[in-house]
Amino acid sequence: MRPYAGPPAADGFTIEDERITESSGLAASRAHPGVYWTHNDSDDGPYVYAVDGRTGRTVATITLTGVAPRDVEAVSVGPDGDVHVGDIGDNFGGRWPEVWIYRFPEPEELTDRAVEVTRHTVRYADGPRDAESLAVHPGTGRVYIVSKDEDGGALYAGPEELSASGVNTFTRVAAVDVWATDAAFSPDGTRLAVRGYFDGRMYAWRDGKPRELGRLTVPMQRQGESLTFTPDGRTLLYGTEGARGAVQPREPTGDQLPESVRREEAERSRDGEGGPADDRAGDPAGDAAGEEGQGNTTVLVLALASVAVLFLALRRAARRRG
């Protein structure tokens with residue numbers, strides 16, 4: 001067993017493995033605190049990597065046997081400890097009538113190994129579409145997919161339990177106003193975060209339905225692809241494609257925090273512990289400075305986003321010609 005450093009501080013990390021140049025999904029391990037599962041985009045093969053969240057080094061490479069992935073775009077760990085790998089990408093926007101989810105239990109020991117997977121065939125009730133976002137609810141185990149569209153996608157729910165023998169039909173639940181590249185549930189299941197290249201949304205989750213809470217603070221990255229919560233639910237980690245891809249943290253605040261975290265914060269306040277947020281409370285000068293800083297940041301983000309949109313459009317066109 002290859003040693004790893006243990007639970008990470010919520011300050012992000014850099015993926016050091018030179019094989020991982022198109023990290024497209026990210027998921028916190030349930031069995032191994034401090035480890036994150038990731039994978040490359042298309043053209044890599046049937047591999048999933050366990051990465052140490054402190055050092056950024058790969059501690060295990062899992063080879064999925066019996067499948068030939070086409071366009072792997074997402075990974076999520078369910079409440080039963082099974083890793084769900086979403087072979088759900090379609091750069092042609094609906095060429096393929098069905099896509100797949102591969103599932104395997106998290107190994108007890110982190111060593112390089114080959115594993116047999118359960119393969120689930122997926123179709124959408126309203127026809128084929130591109131998608132890069134898959135999230136398994138940590139309470140019910142139900143699998144959700146967010147379609148990818150430049151003008152905004154939609155959230156699709158799978159059946160209560162995925163079938164390994166028949167077709168699993170995913171049905172539309174709600175619109176999602178994001179050019180979505182990944183999604184993740186909070187560990188307590190009360191929040192759903194969806195990211196795109198340049199922005200994202202946080203949703204409150206209740207009875208299988210989302211309610212939008214507002215925009216996420218998404219870092220500017222080379223090609224922002226992945227998203228996961230840290231196991232304590234206090235931080236979102238954002239990943240990007242590219243060699244030595246940086247996984248960057250952002251902390252939700254206010255009602256975007258998962259309910260379990262909000263309860264913890266309320267208990268701390270009652271006990272008189274306070275927190276970082278207290279330092280700026282009631283400080284008009286600090287608020288004004290913050291608003292000015294946000295305005296300047298917005299201008300910079302929009303300028304960089306325009307360049308990035310052009311780059312991505314050219315990249316997509318190149319892929320289609322290929």
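Biologist: Let us begin with a single residue. Is E73 buried or exposed, and what is its relative accessible area?

Modeller: Burial is read from the relative accessible area, with buried meaning under 20%. In this predicted model, E73 has a relative accessible area of 0%, so E73 counts as buried.

Biologist: Where in the chain is E73 found, and which residues does E73 touch?

Modeller: E73 is in a loop, the one between β5 (58-65) and β6 (74-77). Leaving aside residues up to four places away in sequence, E73 touches S24, G25, H39, D41, G86, I88, G89, A131, E132 and E225.

Biologist: How many bridges pair β7 with β8, and in which sense?

Modeller: Six bridges join β7 (residues 82-87) and β8 (residues 99-105), in the antiparallel sense. Within this part of the model, V85 stands opposite Y102 in β8.

Biologist: I also see a sheet that includes β15. What is its strand order, and is the pairing parallel or antiparallel?

Modeller: That open sheet has four strands in the order β15-β16-β17-β18, with antiparallel pairing. Its edge strands, β15 (180-185) and β18 (209-215), each pair on one side only. Neighbouring strands are turned against each other by 25 degrees on average, with direction ignored. Five bridges join β15 to β16 (residues 191-196), and these two strands run antiparallel. Opposite D182 stands R195 in β16.

Biologist: How many aromatic pairs does a search of the whole structure find?

Modeller: The search finds nine aromatic pairs. To classify one, consider the angle between the ring planes: over 60 degrees counts as edge-to-face. F185 and W205 form such an edge-to-face pair, at 5.0 Å centre to centre and with 80 degrees between the planes. F185 lies in β15 and W205 in β17 (residues 200-206), so the pair ties together parts that are 20 residues apart in sequence. F185 is buried, with a relative accessible area of 9%, and W205 is buried, also at 9%. Together with Y144, F185 and W205 form one aromatic cluster.

Biologist: How does one read the rings of Y197 and F198?

Modeller: Their centres are 6.0 Å apart and their planes stand at 50 degrees, so the pair is tilted. Both Y197 and F198 are buried.

Biologist: Which residues lie over the faces of W96 and F92?

Modeller: R70 lies over the face of W96, at 4.0 Å from the ring centre. Over the face of F92 lies R95, at 3.8 Å from the ring centre.

Biologist: Finally, what is the average pLDDT of the chain, and where is the pLDDT below 50?

Modeller: The pLDDT expresses the predictor's confidence in each residue. The chain averages 86, and 81% of the residues score at least 70. Residues 276-304 have a pLDDT below 50, and this stretch has five contacts in the model beyond near neighbours in sequence. The pLDDT also stays under 50 over residues 317-322, for which the model has five contacts beyond four places in sequence.

Definitions and conventions:
Residues are numbered from 1 along each chain as its sequence is written. This is a predicted model: local features need pLDDT of at least 70, side-chain atom pairs count only at pLDDT 80 or more; totals for chains, interfaces and linings use all residues. Side-chain values use heavy atoms; hydrogens and water are left out. Two strands pair if DSSP finds at least two bridges between them. Axes are lines fitted to C-alpha atoms, for helices over the stretch in contact, and angles run from 0 to 180 degrees between N-to-C directions. pLDDT is the predictor's confidence in each residue, from 0 to 100. Contact means heavy atoms within 4.5 Å. Rings of Phe, Tyr and Trp (its six-membered ring) pair if their centres lie within 6.5 Å; planes under 30 degrees apart count as stacked, over 60 as edge-to-face and the rest as tilted. Buried means under 20% relative accessible area, exposed over 50%, partly exposed in between (1.4 Å probe, protein chains only). A charge sits over a ring if NZ of Lys or CZ of Arg is within 6 Å of the ring centre and within 35 degrees of the ring normal.
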